[in-house]
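Let's walk through this fold together, strand by strand. Keep the 3D view open and turn it as you read.

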Amino acid sequence: MKIIFLSDVHYKGLDDPNTPLLLKFLESELKASDVLVIVGDLFDLWVGYDHIVYAEYVPVLAKFYELKKKGVRIVYVEGNHDVFLGPFFTEKLGVEVLNREGLVVIDNKKFYLHHGDGIDKRGLFKKIALGFLRSKGAIVLSRLIGPNLLWKVGQKLSHSSRQYGSVVSGARDRYRDFGKKTLIEKNCDYFIVGHTHIPDEYEVAKGKWYYNVGDWVRNYTYLEYLDGTFAIKKAK
Ligand SMILES: [Mn+2]
């Protein structure tokens, strides 16, 4: 049983220099895999509509379609940049979508998956903004705005001085603590998280592991699970 975990690629569209790497990765690395787990923020912006997808993501979406046809199980945890994947993912691509976090059983093991936003302490404004982004109101608003304007706003934001992975000091330990607590509470084997953009590995208890998948902004990491053994690997 081979599982590939990918997180925080923050893919921006066809001009993104990571385009060839991502397409090749989804083709070659996933060919011999049974399950693909996206731990959020694969896309730098995604708010799902019923019958419309962002044109610049079509080559990546085509890879998802091919994987699905090959029988690869795809689980996608929504991040804070892909807040609402919508019916295209669930109904057309057959992807299992989790809203920010959730438990899945793979290879008879219990994986608790969490994108990671909201784990660390945040300012009140960020909390309200994030709460709003995940609300029904935001979905209604995005429908009103429409995909064209939303895309433009998203591109503007990603070209401005947005900093990825600007993690507050001590975050690593707070994330580890949260993972440990969750593993015990939910009685799971593994806790997998992203969002901080910093890959991390921590044995919570014998055989119980915490992993942060890292990112494709600076580290180009992904997590591989092969018959019970994990390895953080580099895509380039
Ligand atoms: Mn994130």
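In which sense do strand β1 and strand β10 pair, parallel or antiparallel? Strand β1 (residues 2-6) and strand β10 (residues 221-226) pair in the antiparallel sense, over four bridges. Before going further, please note that this is a predicted model, in which local features need pLDDT of at least 70, side-chain atom pairs count only at pLDDT 80 or more, and totals for chains, interfaces and linings use all residues. Residues are numbered from 1 along each chain as its sequence is written.

Two terms will come up throughout. Strands (E, at least two residues) and helices (H or I, at least four) are DSSP runs, numbered from the N terminus. Two strands pair if DSSP finds at least two bridges between them. In general, strands of a sheet pair through backbone hydrogen bonds, either parallel or antiparallel.

Back to β10: Leu226 in this strand is the bridge partner of Lys2. β10 also pairs with strand β11 (residues 229-234), in the antiparallel sense and over six bridges. Here Tyr222 has Lys233 in β11 as its bridge partner. The hairpin of β10 and β11 has two residues between the strands, and Asp227 in this hairpin takes a positive phi near 45°.

Now follow β1 to its other partner. β1 and β2 pair in the parallel sense over four bridges, and Phe5 has Val37 in β2 as its bridge partner. Together with helix α1 (residues 19-31), β1 and β2 make a right-handed β-α-β unit; right-handed means that, with the strands pointing away from the viewer, the path from the first strand over the helix to the second runs clockwise. From β2 the chain crosses through helix α2 (residues 58-70) to β3, and this β-α-β crossover is right-handed too. β2 and strand β3 (residues 73-77) pair in the parallel sense over four bridges, with Ile74 in β3 as the bridge partner of Leu36.

How enclosed are these strands? A residue is called buried if 20 or more other C-beta atoms lie within 10 Å of its own, exposed if 12 or fewer do, and partly exposed in between, with C-beta atoms placed from the backbone. Because four of the five residues of β1 are buried, this strand is largely enclosed by the rest of the structure. Strand β2 (residues 35-38) is covered on both faces: Val35 and Val37 on one side, and Leu36 and Ile38 on the other, are all buried. In a regular strand, side chains alternate between the two faces of the sheet.

The largest nonpolar core has 48 residues, and Phe5, Val37, Val39 and Ile192 have the most contacts inside it. Such a core is a set of buried Ala, Val, Leu, Ile, Met, Phe, Trp, Tyr and Cys residues joined through C-beta atoms within 7 Å.

The open sheet of five strands has the order β5-β6-β7-β9-β8, with mixed pairing. Its edge strands, β5 (101-106) and β8 (200-205), each pair on one side only.

Most residues other than glycine have a negative phi. Arg100, in the loop between β4 (96-98) and β5, has a positive phi of about 70°. Asn108, in the loop between β5 and β6 (109-114), has a positive phi near 60°. Arg100 is partly exposed, with 18 other C-beta atoms within 10 Å, whereas Asn108 counts as exposed, with 8 C-beta neighbours inside 10 Å.
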